Amino acid sequence: MEISDENFRVWAEKNEVYFDGVFRLAGPDAYAPIYSLISGLLHEGHKQVTFNLTGLEFLNSSGINLLAKLTIEARKMGDLLLVVKGTSQYPWQAKSLPNLKKLHPLVDLRLA
């Protein structure tokens, strides 16, 4: 499944979710379809799920909150390994993504 508009695109392939573009959606309700897509993937029984954020240029505070909620959901699943791939090309990622480890210490954060 894919969710997109003129500024962003999010889609899943097997156990990896890709985020691409600029996410400036207006509040948590606007992010609900994305949450549903990814939450469904988390509950499919995979041993590992990867969030690939390397193409994500910008994410507003509501979007960062979405990542936090999904990280907490992954933590509750116990044996699910959550891998978060980011890039230091976008300064917000180097600043914000390490905070996900505070929510779930076993997050495998990979900043390239």
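# A walk through the fold, from core to surface

Of the 112 residues in this protein, 45% count as buried, where buried means under 20% relative accessible area, exposed means over 50% and partly exposed lies in between (1.4 Å probe, protein chains only). You're looking at a predicted model, so local features need pLDDT of at least 70, side-chain atom pairs count only at pLDDT 80 or more, and totals for chains, interfaces and linings use all residues. Residues are numbered from 1 along each chain as its sequence is written, and side-chain values use heavy atoms, with hydrogens and water left out.

**Start with the cartoon.** Follow the chain from the N terminus and the order is β-β-β-α-β-α-β-α-α-β. The radius of gyration is 13 Å, close to the 13 Å that the globule rule gives for 112 residues, so the protein is as compact as a globular protein of that length. That radius is taken over C-alpha atoms, and the rule is 2.2 Å times the number of residues to the power 0.38. Along the principal axes, the C-alpha atoms fill a box of roughly 35 × 30 × 25 Å.

**Now select the core.** Show Phe19, Phe23, Ile34 and Phe51: they have the most contacts inside the largest nonpolar core, which has 30 residues. A nonpolar core here is a set of buried Ala, Val, Leu, Ile, Met, Phe, Trp, Tyr and Cys residues joined through side-chain atoms within 4.5 Å. Two or more residues come from each of strand E2 (8-13), strand E3 (16-23), helix H1 (28-42), strand E4 (48-59), helix H2 (61-76) and strand E5 (81-86). H1 gives the most, with 6 residues.

Zoom in on Phe19. What does phenylalanine 19 touch, not counting residues up to four places away in sequence? The list includes Arg9, Val10, Ile34, Ile38, Phe51 and Leu67; contact means heavy atoms within 4.5 Å.

**Next stop, Lys85.** Lysine 85 sits in strand E5 and is partly exposed, at 27% relative accessibility. Leaving out residues up to four places away in sequence, lysine 85 touches Glu16, Thr50, Phe51, Asn52, Leu53, Thr54 and Arg110. Draw a C-alpha distance from lysine 85 to leucine 97 and you get 9.3 Å, for two residues 12 apart along the chain.

**Hop to Lys14.** Lysine 14 is in the loop between E2 and E3. Is it buried or exposed? At 76% relative accessibility, lysine 14 counts as exposed. Check the backbone too: phi of lysine 14 is near 55°, a positive value in a residue other than glycine.

**Finish on helix H2.** Select Glu73, which lies in helix H2. Glutamate 73 is buried, with a relative accessible area of 12%. Beyond its neighbours within four places in sequence, glutamate 73 is in contact with Tyr35, Ser39, Leu42 and His43. Its C-alpha is 8.1 Å from that of leucine 42, which is 31 residues away along the chain.

Arginine 75 is also found in helix H2, but this one is partly exposed, with a relative accessible area of 38%. Setting aside neighbours within four places in sequence, arginine 75 is in contact with Leu103 and His104.

Key
Helices (H or I, at least four residues) and strands (E, at least two) are DSSP runs, numbered from the N terminus.
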